[in-house]
Amino acid sequence: MTIRLLLADDHPVVRAGLRAVLDTEPDFAVVAEAATAERAVELAAAGDVDVVLMDLQFGAGMHGSEATAAITAVPGGPKVLVLTTYDTDADILAAVEAGASGYLLKDAPPEELAAAVRTAAAGQSALAPAVAHRLMDRMRTPAEALTKRELEVLQLVGEGLSNQQISKALFLSQATVKSHLVHIFAKLGVDSRTAAVAAATARRLIRR
């Protein structure tokens, strides 16, 4: 059985490299490419794709996790294997919650990539060892782990947004944003926004 693949990445060189690697596998067929997340959703809906290899960052426009959610929301749609350079908790949780069947880093060796594609196509979970380790750490210390919403708030703090801007971006009240920040400070053992961003970046909870 041939596994039909869609490559979704905004860098042509990355797509060409992936195609070169995947074309060496006898049971793989790269049937489409997308330079934007929006285009990936359109192509995935066409019905002739089994697995989408999805980057997370596409510049302006839809985020990879949003595209993943749109693709996996369709019954009988293709599986999504996230392939990215980011291994932060914020990115991993967003992708998993969006319905991704797997999460792999772009420095994965070819054999690991091929195995992950087959695993995802079979409807099973395929996680990079480093990603699985981070998820296990979160499960071991749930009281200390930042929630997905707290990570979203902190990511926006790191991007320089004010509480008012964060409340608008996430459709939250400013009081709720402040409450999230109080919990974030307590969990990270810090007392300022700057220190929270620094600590979260050092722990690879958010990206800068």
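Modeller: Let's start with a term: a salt bridge here is a side-chain nitrogen of Lys or Arg within 4 Å of a carboxyl oxygen of Asp or Glu. Aspartate 9 and lysine 106 make one, with the closest N and O atoms 2.7 Å apart. By this rule the count comes to 17 salt bridges. A word on the source: this is a predicted model, where local features need pLDDT of at least 70, side-chain atom pairs count only at pLDDT 80 or more, and totals for chains, interfaces and linings use all residues. Residues are numbered from 1 along each chain as its sequence is written, and side-chain values use heavy atoms, with hydrogens and water left out.

Colleague: Which parts does the pair of aspartate 9 and lysine 106 tie together?

Modeller: Helices (H or I, at least four residues) and strands (E, at least two) are DSSP runs, numbered from the N terminus. Aspartate 9 sits in the loop between β1 (3-8) and α1 (12-22), and lysine 106 in the loop between β5 (102-105) and α5 (110-121), so the pair links parts that are 97 residues apart in sequence.

Colleague: And how is the chain divided into domains?

Modeller: Domain bounds come from an automatic or database domain assignment. Here we get domain 1 (3-140) and domain 2 (148-203), with 28 Å between their centres, taken over C-alpha atoms.

Colleague: How do I read the area that domain 1 and domain 2 bury between them?

Modeller: The size of an interface is often given as the accessible area lost when the parts come together. Buried area is that loss (1.4 Å probe), summed over both parts. For domain 1 and domain 2 it is about 430 Å², 62% of it on carbon and sulfur atoms. Ala90, Leu93 and Glu97 supply 63% of what domain 1 buries against domain 2, more than any other three residues.

Colleague: How many residues are in contact across the two domains?

Modeller: With contact meaning heavy atoms within 4.5 Å, seven residues of domain 1 meet four residues of domain 2. There is one salt bridge between the domains: lysine 148 with glutamate 97, closest N and O atoms 3.3 Å apart. On the side of domain 1 that touches domain 2, α4 (89-98) and α6 (129-140) are the elements giving two or more residues. α4 gives the most, with five residues.

Colleague: What does UniProt list for residues 4-121?

Modeller: An unreviewed entry gives "domain: Response regulatory" there; such annotations may be inferred rather than shown by experiment. That span is 42% helix and 22% strand, with its end C-alpha atoms 9 Å apart.

Definitions and conventions:
Buried area = accessible area lost by both parts, 1.4 Å probe.
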